Amino acid sequence: QSHVLKAYDYLLTFGDELRLVWSSSLSFMKVLFFVNRYTTFVSTFGALYSEPAFHPLAPKPAENALQSS
């Protein structure tokens with residue numbers, strides 16, 4: 001559920017980000033903003049991808065039951 005809130009916040013503030021941050025000149029604060037914003041975003045989707053239910057190569061529960069017999 002927290003992943004959904006992060007994605008929702010990202011979508012809500014993306015327009016302001018484009019208008020205020022992307023158009024400004026490069027500075028330490030701009031770099032800090034991007035590091036904070038996008039490392040969190042990437043790690044959130046990395047966490048989702050590592051969940052067995054979302055991973056395309058994850059074995060199905062029935063496969064696990066057959067292998068343990």
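Reader: Which residues make the nonpolar surface patch of about 290 Å²?

Author: This is a predicted model, in which local features need pLDDT of at least 70 and side-chain atom pairs count only at pLDDT 80 or more, while totals for chains, interfaces and linings use all residues. Residues are numbered from 1 along each chain as its sequence is written, and side-chain values use heavy atoms, leaving out hydrogens and water. Patches consist of residues with over 30% relative accessible area and no salt bridge, like charges being joined within 9 Å and nonpolar side chains (Val, Leu, Ile, Met, Phe, Trp, Tyr) within 5 Å; areas come from the Shrake-Rupley method with a 1.4 Å probe. The patch is made by Leu 26, Val 31 and Val 35.

Reader: Is Leu 26 buried or exposed?

Author: Leu 26 lies in the loop between α1 and α2. Buried means under 20% relative accessible area, exposed over 50%, and partly exposed in between (1.4 Å probe, protein chains only). With 71% relative accessibility, Leu 26 is exposed.

Reader: How many salt bridges does a search of the whole structure find?

Author: A salt bridge requires a side-chain nitrogen of Lys or Arg within 4 Å of a carboxyl oxygen of Asp or Glu. Arg 19 pairs in this way with Asp 16, and Arg 37 with Glu 17. The search of the whole structure finds two.

Reader: How far apart are the closest N and O atoms of Arg 37 and Glu 17?

Author: The pair links distant parts of the chain, with Arg 37 in helix α2 (residues 28-50) and Glu 17 in helix α1, 20 residues apart. Helices are DSSP runs (H or I, at least four residues), numbered from the N terminus. Both Arg 37 and Glu 17 are buried. Their closest N and O atoms are separated by 2.8 Å.

Notes:
Helix = DSSP H or I, 4+ residues; strand = E, 2+ residues; numbered from the N terminus.
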